[in-house]
Amino acid sequence: MSRPVLVGITGASGVIYGVELLRALHELAVPAHLIMTSAARQCLALETDLTPAEVEALAARVYAPDELAAGPASGSFPTRGMVIAPCSIKTLSAVAHSYNQNLLVRAADVCLKERRPLVLMVRETPLHAGHLELMLRAARLGAVILPPVPAFYHRPRSIDELVRHSVGKALEGLGIDHRLYRPWQGTDPDHSPPKSMEGS
């Protein structure tokens, strides 16, 4: 079995990014191991019609945040890396300072120390200097800071397409190919807009 991708979902607004990441990995037949915080479960109820059980069903394995003896807590546990989607400022702070109070942050710390990809989809706006300093600190440790900033060159026609674009960028941070959005191809000679990947 191929090495899993660790998916962390925290209590920042935008829990749909983590859900869509799990869906994308499932469709790509890449096993996902999920760590979802209690605050993420609250956001799931506030922002979607999904239940925690429905989200967990998308993962090959699920860990509770307090399972500090679980596989992802050790560098000897092989993974392809980790995406925290969304990543709250609290979690960003913990990662930046190696404050491994739960399995989610410990797993992220393991990725950093083992030089595995760690993608942080930080969800906060506006950002004050403290937030920016935390992002810089995490980036210097090796994390990829990837706020879910929408792009429009692919002419999105729905919120789902905007979400899939950000999820696609996260997959690229792990070196995983996908077809979630049409990448920029340069300006066409006839200046026609890129066609959507929908239905392909």
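**Salt bridges and the sheet**

The side chains of R41 and E56 meet in a salt bridge, with 2.6 Å from N to O. A salt bridge here is a side-chain nitrogen of Lys or Arg within 4 Å of a carboxyl oxygen of Asp or Glu. R41 lies in helix α2 (residues 38-47) and E56 in helix α3 (residues 52-56), so the pair ties together parts that are 15 residues apart in sequence. Helices (H or I, at least four residues) and strands (E, at least two) are DSSP runs, numbered from the N terminus. R41 is partly exposed, at a relative accessible area of 33%. E56 is also partly exposed, at 23% relative accessibility. Buried means under 20% relative accessible area, exposed means over 50%, and partly exposed lies in between (1.4 Å probe, protein chains only).

The model is predicted: local features need pLDDT of at least 70, side-chain atom pairs count only at pLDDT 80 or more, and totals for chains, interfaces and linings use all residues. Residues are numbered from 1 along each chain as its sequence is written, and side-chain values use heavy atoms, with hydrogens and water left out.

The whole structure was searched for salt bridges, and five were found. Side chains of opposite charge can pair when their charged atoms come close. One of the five joins E20 and R23. Their closest N and O atoms are 2.4 Å apart. Both residues belong to helix α1 (residues 15-27). They are three residues apart there, so about one helical turn separates them. E20 is buried, at 16% relative accessibility. R23 is partly exposed, at 29%.

Another salt bridge links K113 and E114. Here the closest N and O atoms are 2.8 Å apart. K113 has a relative accessible area of 42% and is partly exposed. E114 is partly exposed too, at 33% relative accessibility.

The strands were examined next. Strands of a sheet pair through backbone hydrogen bonds, either parallel or antiparallel. Two strands count as paired if DSSP finds at least two bridges between them.

V83 stands opposite V119 in β5.
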